[in-house]
Amino acid sequence: MRVEDPRIVAALADLGVELRHAESLADLTSLGIGGTTDLLRITKHESIPDLLNLLDSHGVPHRFLGGGSNLLVDDGELPWVVLQLGQPDPDLVIEGNIAHVDAAADLGRTVTYCAKHDLGGMEGLIGVPGTVGGALRMNAGAYGMQIGSYVREVKLYRAAARRLEILRGEQISFEYRHTSFAPDDMMLAVKLELPSKPYKEILQGIRICNEKRRSSQPLGQKSAGCIFKNPPGASAGRMIDELGLKGQSVGDARVSDRHANFFVNAGKASAKDMLALITNVRERVHASFHVELEHEVVIWDA
Ligand SMILES: Cc1cc2nc3c(=O)[nH]c(=O)nc-3n(C[C@H](O)[C@H](O)[C@H](O)COP(=O)(O)OP(=O)(O)OC[C@H]3O[C@@H](n4cnc5c(N)ncnc54)[C@H](O)[C@@H]3O)c2cc1C
């Protein structure tokens, strides 16, 4: 979608929003799949209510992009613009056991920065790409921990109320890769309360998690992490593996040989290829195990 109406272009400039024409979502997502659209980079949180009123009043649909590490985006010219937060400097401030983190901050850097200040708890998140905002939306987690456990406050744009609000941790429910945020809420900043731990001890935990990832995941390949959520008490990857589906492919979309719940773009896979592979695998798992696998990857179809 192109933002060409001069009235919108001028109003965006007034709001301090940077307009980037015809960005390729394949370049902005870890799967390397996706068509093109205009990207709006937000520099000031305070401008968001006016920005969304502007887009709504001109009938411009939008999607919200974090680091693009959990997304499968459709091919071709996309029928919505993409909004993304620009990174403030600094994006992370520590005060005692509280880390004040901007949603645009890189998750991995947040984990290591906190570690250097003797704040632990998030070791499992090392190696999870993307932003802190995306991690909040997805309640990212690994190796028995999830980010939601440390959330004390979230600043967000509430689409329903059309204003910026602050929610306390206990007002938000964080479940396995699911949160109670409304689909169009936009997370802007978070206060994390983290346990004190000596840096050396945190570093040791980080090394162990890194090693586990390196030995089990196709880290050098384009992926979006796990494609499916694990059903209660079961492992999606194990079921796919037991069906002998590792290496199965549609075009360049392929079930990883290393981790059966990681689907990789081994070349020039299209969204159509990846969706066909996802559907095939779901059907095979359903036929053999009578389990409906739910997507963990967020699918943006046009
Ligand atoms: C190699 C690899 C390993 C991974 N390992 C793990 C893992 O161990 N555990 C795990 O949980 N995940 C894992 N993931 C998936 C992914 O990294 C996480 O889900 C990550 O938290 C997504 O963040 P993002 O900023 O990239 O979000 P995006 O992919 O950009 O977006 C994901 C969703 O969040 C929404 N969103 C993003 N930012 C915001 C915001 N500020 N406000 C509101 N909505 C927002 C988007 O609209 C979209 O719906 C892995 C991915 C890869 C590629």
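Guide: Setting aside neighbours within four places in sequence, Met 138 is in contact with Asn 70, Arg 177, His 178, Glu 296 and Val 298. Keep in mind that this is a predicted model. Met 138 is found in helix α5, and it counts as buried because its relative accessibility is 16%, under the 20% cut-off. For a sense of distance, take Leu 188, which is 50 residues away along the chain: its C-alpha atom and that of Met 138 are separated by 14 Å.

Now follow one of those contacts. Arg 177 touches Met 138, and an N or O atom in the side chain of Arg 177 is also 3.1 Å from an oxygen atom of the ligand. The protein buries 93% of the 970 Å² that the ligand exposes when taken alone.

Around the ligand there are 33 residues, and the closest are Phe 64, Gly 67, Ser 69, Thr 131 and Gly 141. By type, that shell splits into 16 nonpolar, 13 polar and 4 charged residues. Helix α5, where we began, gives the largest share of the shell, 5 residues. Elements supplying at least two residues each are β3 (62-65), α5, β8 (141-142), β14 and β18 (298-300).

Two of those names come up again if you turn to the packing. In soluble globular proteins, nonpolar side chains tend to be buried together. Here the largest nonpolar core has 35 residues, with Met 122, Leu 125 and Leu 192 making the most contacts inside it. Among the elements that give two or more residues to this core are α5 (132-138) and β14 (186-193), along with β10 (151-158) and α6 (199-216). The largest share, though, comes from α4, with 4 residues.

Beyond its neighbours within four places in sequence, Leu 192 contacts Asn 97, Ile 98, Ala 99, Val 101, Met 122, Ile 147, Tyr 150 and Val 151. Apart from this core lies another, of 24 residues, including Ala 236, Phe 263, Ala 269 and Ile 278.

Key: Residues are numbered from 1 along each chain as its sequence is written. This is a predicted model: local features need pLDDT of at least 70, side-chain atom pairs count only at pLDDT 80 or more; totals for chains, interfaces and linings use all residues. Side-chain values use heavy atoms; hydrogens and water are left out. A nonpolar core is a set of buried Ala, Val, Leu, Ile, Met, Phe, Trp, Tyr and Cys residues joined through side-chain atoms within 4.5 Å. Buried means under 20% relative accessible area, exposed over 50%, partly exposed in between (1.4 Å probe, protein chains only). Contact means heavy atoms within 4.5 Å. A residue is near a molecule or strand if one of its heavy atoms lies within 4 Å of it. A polar contact is a pair of N or O atoms within 3.5 Å; within protein, one must be able to donate a hydrogen and the other to accept it, and residues adjacent in sequence count only if both atoms are side-chain atoms. Accessible areas come from the Shrake-Rupley method with a 1.4 Å probe; for residues, only the protein chains shown count as cover. Ala, Val, Leu, Ile, Met, Phe, Trp, Tyr, Cys and Pro count as nonpolar, Asp, Glu, Lys and Arg as charged, and the others, Gly among them, as polar.
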